[in-house]
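Have the sequence and the 3D view ready.

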2 protein chains.
Amino acid sequence: MALRHAVLAALLDEERSGYQLAKAFDVGVANFWHALPQQLYAELTKLEREGLVAGREVVQESRPNKRVFRATESGLTELRDFTAAASKPSFIRDDLLVKVQAADHVDAEQLIEQLGDRATAAAAKIELFGALLRQMRGDADEEEFLRTGHRIGPYLTCLRGLAFERETLDWCRRIADVLRTRHPSGSTL
Amino acid sequence: MALRHAVLAALLDEERSGYQLAKAFDVGVANFWHALPQQLYAELTKLEREGLVAGREVVQESRPNKRVFRATESGLTELRDFTAAASKPSFIRDDLLVKVQAADHVDAEQLIEQLGDRATAAAAKIELFGALLRQMRGDADEEEFLRTGHRIGPYLTCLRGLAFERETLDWCRRIADVLRTRHPSGSTL
DNA sequence: CCAGAATAGTCAGATTCTTGACTAGGGAGA
DNA sequence: TCTCCCTAGTCAAGAATCTGACTATTCTGG
């Protein structure tokens, strides 16, 4: 039941359309939750029916009209209740880790390649999150922004995303090194 | 479809019962995949029907009998095919991050408390993973173990788990500090 | 002695998430 | 001009996951 709360959290500070949400919740961007467009449109429909978000039609020229949503007072109440309740523990679920778990039994070169792909993706996210953070804090430095800034929630989750991707990048490189040392297969030094 | 591969990966090196798997895939322990007992028993049934794992009854005294499983040759092939295919990108999905995203709109003290809870859990996992790593590498130091060790797959995923939990712990503390600075509410310094 | 935890599973039902397709108009590049 | 991508959504079906309950036996702590 947390998708709805993630959506509410995203609609607190600004109005967004389902399409905009879909882009924010995309795998390549999301820093606090991930979901597919279909889930988001469905959830918005439910949230609106329950009065937790309010929608508004925006007529546009030269592109399709859209409906934008904002969290209502009762949406905020719902989110506060959610915050008051215990958080579920987070856990790891990652294809790549499964492959590494089986590292001693599978093709090392394939694994190294996949670690490289993941590293590339992580590097892209690091760039993205770095830019996002700079944009959010504006002229202030981080300490100052976090002390006095206006809206720090998104900044804090973005910091988490950044740390996570950095960790991913380091780990991928380290593991690839270990595997290369054990299997000097390519011999293309 | 990755649960089956996670199970196969767990049954490569040693026989395990569903019950043992269930404990290894528990939220508090899992370092490469998480699943509930029900899922694991169901998956084992399917895997055995498809010949990817082989089960064997073990009669026990003073406790219920059990069935232990091991990956078969065709299970290993399946896992190799899985390794050859591209990995799905990993993503974040965490209640606590949703709450932090909404930090500017919810009760700071509750948030700080939850960050503390998560930090405690992370510290416990750090202990656990540290002990696991020491046990796996035995007398060797890490570099040596990773160069010459026998089975490094589980070690590598455990390293990832450890790094992740350390990152979680640091982040929780940092965010709690930030929130305390902005809301010197308790005034119980 | 009795309660509760650990071992070792099973079943049904609901919810959530993913896959894949489909509509429709406008702008940009080859 | 033709095609592809972007905006902005919708629908259906299936797979994966979670909630919650239920059966047995044995060992352990109070």
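Let's start with A:E48, which is partly exposed because its relative accessible area is 29% (buried means under 20%, exposed over 50%, and partly exposed in between, with a 1.4 Å probe and protein chains only). Before going on, note that this is a predicted model, where local features need pLDDT of at least 70, side-chain atom pairs count only at pLDDT 80 or more, and totals for chains, interfaces and linings use all residues. Residues are numbered from 1 along each chain as its sequence is written, chains are lettered from A and ligands numbered from 1 in the order in which they are written, and side-chain values use heavy atoms, with hydrogens and water left out.

So who does A:E48 pair up with? Its side chain meets that of A:R67 in a salt bridge, 3.1 Å from N to O (that is, a side-chain nitrogen of Lys or Arg within 4 Å of a carboxyl oxygen of Asp or Glu). A:E48 sits in helix α3 (residues 37-49) of chain A and A:R67 in strand β3 (residues 66-71) of chain A, so the bridge ties together parts 19 residues apart in sequence. Helices (H or I, at least four residues) and strands (E, at least two) are DSSP runs, numbered from the N terminus. A:R67 is partly exposed too, with a relative accessible area of 35%.

Over all chains, the structure holds 25 salt bridges. Here are three of them:

| Pair | N to O distance |
|---|---|
| A:E48 and A:R67 | 3.1 Å |
| B:E48 and B:R67 | 3.1 Å |
| B:E57 and B:R67 | 3.8 Å |

The B:E57 pair links distant parts of chain B: B:E57 is in strand β2 (residues 53-58), B:R67 in strand β3, 10 residues apart. B:E57 counts as partly exposed, at 46% relative accessibility. Elsewhere, B:R4, B:E43, B:K46 and B:E50 are joined into one network by salt bridges that share partners.

How do the chains relate?

One last stop: A:E113 is found in helix α6 (residues 108-137) of chain A. A:E113 counts as exposed because its relative accessibility is 53%.
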